[in-house]
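Here's a quick tour of a protein chain, written for someone just getting started with structures. Have a look at the sequence and the model first, then come back for the highlights.

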Amino acid sequence: MKLLLRNYIRTFEGLSKEIWWLSLITLINRTGAMVIPFLSLYLKEDLHFTIPDVGWVMTAFGIGSFFGAWLGGKLTTLIGYYKVILLSLVLTGVNFLWVMHVEEFWMMCFAFFILIAISDIGRPAFFVALSAYSKPENKTRSLTLIRLAINLGFSAGPAVGGFLIATLGYESLFYVDGITCILAGILMTQTLHPKKVKELDKEIPVENPLPPQNDLPYLLFLVALALFGIIFVQYFSTVPLFYRDIHHLSEDAIGLILAMNGFLIVILEMPLVAWMESKKWSNIKNTIVGLLLTGVSFLLLLWESWIGIVVIGMIIATIGEMISFPFSNKFALDRSKKGKQGSYMGVYAMSFSVAHIFGHNSGMQITAHYGYTITWGFLIALTVIAWLLLYITNRLLGKEKTIEAVSLKSNLES
């Protein structure tokens with residue numbers, strides 16, 4: 001047991017103090033992130049929206065995320081990651097305290113568009129900050145530590161959120177979300193102010209930078225990632241409704257299942273990532289493994305006669321998430337060195353925004369018209385398409401390396 005604990009602790013060695021501060025800020029912010037996992041239930045159960053209406057609110061959520069990620073990439077390049085992250089945290093907190101008073105359908109769509117747009121302007125900046133505070137050899141583990149903080153927050157958030165809903169109602173979630181966002185912003189001013197920290201990996205200007213829209217392997221990767229996002233976001237919209245409608249679970253029970261996802265990531269992700277790094281597989285190959293495991297989790301949900309399958313499905317989806325997200329993030333960060341990091345990470349964040357635009361709504365609409373079985377079949381088909389795109393991306397990257405090796409050899413010989 002001591003050996004396991006020592007090996008677990010060793011996986012965190014060598015990370016900068018700035019990364020630890022960034023992780024703590026993330027933990028505070030995400031611990032309060034209780035509204036989103038329960039959003040579909042809140043709209044359906046408390047405000048009595050129909051399932052198609054819930055889908056359209058989620059689409060507005062996604063459009064806001066897309067716009068915010070695009071704007072965040074531009075602002076990061078113009079004014080720097082620190083100001084963008086701080087602006088995002090504080091204004092998001094203020095907006096949560098406003099959204100809680102909105103009840104009308106179209107106003108709710110507009111409110112969540114604004115809220116998520118402001119929240120997601122910080123996403124590209126966050127990736128750039130993480131890259132700046134990490135040595136190149138530590139970036140995958142730094143990403144994993146940030147994800148650990150996110151999921152430690154999410155493991156506590158849904159569990160506490162379910163309790164708050166049962167005792168104080170949905171309104172309490174908005175208060176907690178708003179206050180924790182503002183607290184995270186205050187902590188950032190005290191720990192990561194540019195005058196107090198140093199960058200370990202500054203962005204070096206690239207001669208003739210390649211725009212992300214001209215980088216074919218990166219574009220294919222982003223399309224595959226958007227499809228993967230469409231699949232994955234169902235666990236925060238359609239799947240909770242499946243738990244309620246088919247297996248008749250309470251909000252408390254649903255919160256505990258969602259919390260299990262975060263708990264497993266906190267315990268297992270860092271050692272798992274460290275082990276997979278030791279295997280020297282490419283970032284794309286690891287992303288493929290995670291994608292396929294997540295697809296399998298929906299295949300299991302077709303078995304509706306046994307309630308235990310929802311736990312097994314969540315465990316397999318969690319393993320897929322633990323593998324795919326750190327290595328897909330690392331691939332994007334590495335690829336961003338071909339151009340402006342803000343632009344590359346902006347379109348990377350936008351790929352997940354596309355997932356929010358189409359993922360939640362498609363899941364809701366298909367479920368409303370054809371039922372959960374057809375919805376899971378649709379997601380399994382998307383898994384196959386995403387796998388094919390990543391396979392093609394991997395082939396293109398192999399050819400790219402061959403061309404670069406030949407070019408380097410020719411230069412050395414001349």
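A residue counts as buried when its relative accessible area is under 20%, and as exposed when that area is over 50%. Keep those cut-offs handy, since they come up again below. One more thing before we start: what you're looking at is a predicted model.

**The big picture**
- Of the 414 residues in the chain, 55% are buried.
- Take the contacts in the chain with a separation of 6 or more: 86% of them involve residues 24 or more positions apart.

**Phe-105 and its neighbours**
- You'll find Phe-105 in helix α6.
- Its relative accessible area is 16%, so Phe-105 counts as buried, because that value is under 20%.
- Leaving out residues up to four places away in sequence, Phe-105 touches Phe-49, Asp-53, Trp-56 and Val-57.
- Phe-105 and Leu-47 are 58 residues apart along the chain, yet their C-alpha atoms are separated by 9.2 Å.

**Where α6 meets α7**
- Helix α6 covers residues 105-120 and helix α7 covers residues 122-132; their axes are 5 Å apart and the two pack at an angle of about 15°.
- That angle makes α6 roughly parallel to α7, because angles under 35 degrees count that way.
- On the α6 side, the contact uses Ile-118, Ser-119 and Asp-120, and these meet Gly-122, Arg-123 and Pro-124 in α7.
- Sort the residues of this α6 and α7 contact by type and you get two nonpolar, two polar and two charged.

**Two helices checked for length**
- Helix α14 (residues 309-335) has 27 residues, so at 1.5 Å a residue it should span 39 Å; its end C-alpha atoms are 38 Å apart, which agrees.
- α14 is also mostly covered, with 21 of its 27 residues buried.
- Helix α9 (residues 171-191) has 21 residues and reaches 31 Å from its first C-alpha to its last, close to the 30 Å expected at 1.5 Å a residue.

- Some background first: most residues other than glycine have a negative phi.
- His-48 is not a glycine, but it has a positive phi of about 60°.
- His-48 sits in the loop between α3 (39-46) and α4 (51-79), and its relative accessibility of 65% means that it counts as exposed.
- His-248 isn't a glycine either, and its phi is positive too, at about 55°.
- Look for His-248 in the loop between α11 (238-245) and α12 (251-278); with a relative accessible area of 63%, His-248 is exposed.

**Cysteines**
- How many disulfides does a search of the whole structure find? The search finds zero.
- As a reminder, a disulfide is a covalent bond between the sulfur atoms of two cysteines.
- Are Cys-109 and Cys-181 buried or exposed? Cys-109 has 9% relative accessibility, so it counts as buried, and Cys-181 counts as buried at 4%.

Key
Residues are numbered from 1 along each chain as its sequence is written. This is a predicted model: local features need pLDDT of at least 70, side-chain atom pairs count only at pLDDT 80 or more; totals for chains, interfaces and linings use all residues. Side-chain values use heavy atoms; hydrogens and water are left out. A disulfide is a pair of cysteine sulfur atoms within 2.5 Å. Buried means under 20% relative accessible area, exposed over 50%, partly exposed in between (1.4 Å probe, protein chains only). Helices (H or I, at least four residues) and strands (E, at least two) are DSSP runs, numbered from the N terminus. The expected span of a helix is 1.5 Å times one less than its number of residues. Axes are lines fitted to C-alpha atoms, for helices over the stretch in contact, and angles run from 0 to 180 degrees between N-to-C directions. Angles under 35 degrees count as roughly parallel, over 145 as roughly antiparallel, 65 to 115 as roughly perpendicular and the rest as oblique. Contact means heavy atoms within 4.5 Å. Ala, Val, Leu, Ile, Met, Phe, Trp, Tyr, Cys and Pro count as nonpolar, Asp, Glu, Lys and Arg as charged, and the others, Gly among them, as polar.
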